[in-house]
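Trainee: Could we look at this model together, and could you set the values against the definitions as we go?

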Amino acid sequence: MDLARVAGLVVVVIGHLLMLGASVAGDHRLVVQRTLTLQPWFTPVTWIAQVMPLFFVVGGFAGVMSWRRTEARGGRAAVFIRARVLRLARPTLPLFAFLALAILVMHLAGLASDTVAEIATGVVSPLWFLAAYTFCQAFLPGMATVHARWPVRMLAGLAGAMVVVDAVRLGTHTPELGLLNMIFVWLFVQQLGLWAADGWFGRRGRRFLLVLAGASYALLGLITTVGPYPANMLENLNPPTVALAVLAVGQFSLLMAARPQLERLMRSALVQRAVAGIGARTMTVYLWHLPVLGLIVGTMLLLPVPEPVPGGAGWWLTRPVVLAFAVGVLIGVAALFGRFEHPATSPADAAVAVRDWRVGMSTALIIVPPFTIMLFGLNLGIAVISEVLLTVAVLLQLPVRLREDAGQGHEDRDKGQDDRGQGQPAAARARRDDAEGLAGEHDGDGRKDEPDRGNRHGQDDPRQ
């Protein structure tokens, strides 16, 4: 799971590097194009390289393992959600501060307002993930409860809901209705991670998984040729469509079929170090990679040297150099801002409260900025307001000390543990309560959580 997550991030970063083509027209206008999408081979590649569904599957797997540990210790959903959303919200604080400053500088430098809006909106386009993922993780405890009783009905219900939404959207020519599938499609994909945590995929043989993957891709081919969906999976992303859910089943089946080979690869010390190094700062890298690439490309345009035409032979030859430079800058950014991914824990002797209203309000405030950007783009006002809302969201999650004589009510007393465990070193706490599952999920004995292959008696779960 760790290797798949990190590999997916690498694919996203490289894809966005090749996507971003910029040049200065003869009238000194900035021309930005999505160079990669213009290539004739791009569409079939997206059937493998569109890896965002895998982040939600792996997030569902890691999240439900963490939730089950929290629940086993007597913790409530608010404790779990607080830990998850903090790890998502904190890394955005330096990002939006930088974006607000960068937009202000571009305006002061005399750039046209539409050019500034195009640049700013482009570099934050991946932030839709923050809204969708925060929502899905906040609903995970409830989804896990329903899944424990009716796993098939839960998955079928979500599948039916997303089909209905797409049918009504396409039938009425109302694209705005597709936003509802930000809920149903991503919850469906996350739910696959819960099935993986139960061991459903792990108990299936490689041949079965390959057949399932083949059937998923065959269905994908059918609905993108005879059906109404575009064959380019990037066009099925925002808002997400049924095609993306089908892709998720196919991709994850292939991933599980390749699990023995991936496990052998993970035995390499070099691969382990690379996965651990990148995995510990995945949210920072994800949030900052496009602003860094935009900054590099913009700087190159200002240099008094000829810039190759995007998509030309010279442009392709310079991409490895640009990628190497971008990786170096991202390493510096991760070293500087990566600490925001690991919230400070409460003192070991402090009794703190996790209040439902604070967690609910904080979660809503985290979702608002990226969702607003999806609808209206990014300008200076939205950047400043987003920074304020996200700061409030983080402040609402700060531990609240309990007085000794206070009634517990709907609060969880927590002797400095939150849901991380007591007396552990900081690194171990970070791994145990990883909001993204970025550093890998571990049990108390130090073993990583992996999809079960069966129950204790080697039999399939009778619910499945």
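Trainee: Which helices each supply at least two residues of the lining of the second largest pocket?

Mentor: They are α1 (2-19), α13 (269-279) and α15 (313-337), where helices are DSSP runs of H or I with at least four residues and strands are runs of E with at least two, numbered from the N terminus. Before we go on, please note that this is a predicted model, in which local features need pLDDT of at least 70 and side-chain atom pairs count only at pLDDT 80 or more, while totals for chains, interfaces and linings use all residues. Residues are numbered from 1 along each chain as its sequence is written, and side-chain values use heavy atoms, with hydrogens and water left out.

Trainee: What makes a residue part of the lining of a pocket?

Mentor: A pocket is an open set of points on a 1 Å grid over the protein atoms alone, where a 1.4 Å probe fits and protein lies on both sides within 12 Å along at least five of seven lines, and a lining residue has an atom within 4 Å of a point. The second largest pocket holds about 380 Å³ of space, a volume being the space filled by probe spheres set on the points, which are joined across faces, edges and corners. Its lining has 13 residues, and Val10, Ile278, Val285, Val327 and Leu330 are the closest to the centre. Helix α15 gives the most, with five residues.

Trainee: Why is threonine 35 called buried?

Mentor: Threonine 35 has 1% relative accessibility and therefore counts as buried, since buried means under 20% relative accessible area, exposed over 50% and partly exposed in between, with a 1.4 Å probe and protein chains only. This residue sits in the loop between β2 (30-34) and α2. Leaving aside residues up to four places away in sequence, threonine 35 touches Leu18, Met19, Leu20, Gly21, Pro310, Gly311 and Trp315, a contact being heavy atoms within 4.5 Å.

Trainee: Why is histidine 173 called exposed?

Mentor: Its relative accessibility is 70%, so histidine 173 counts as exposed. The residue lies in the loop between α8 (151-172) and α9, and its phi is positive, about 55°, although it is not a glycine.

Trainee: What makes α9 mostly covered?

Mentor: Of the 18 residues of α9, 16 are buried. After α9 comes glycine 199, with a positive phi near 95°.

Trainee: What is the mean pLDDT of the protein?

Mentor: The mean is 83, and 83% of the residues reach 70 or more, where pLDDT is the predictor's confidence in each residue, from 0 to 100. Over residues 346-350, however, the pLDDT is below 50, and this stretch has twelve contacts in the model beyond near neighbours in sequence.
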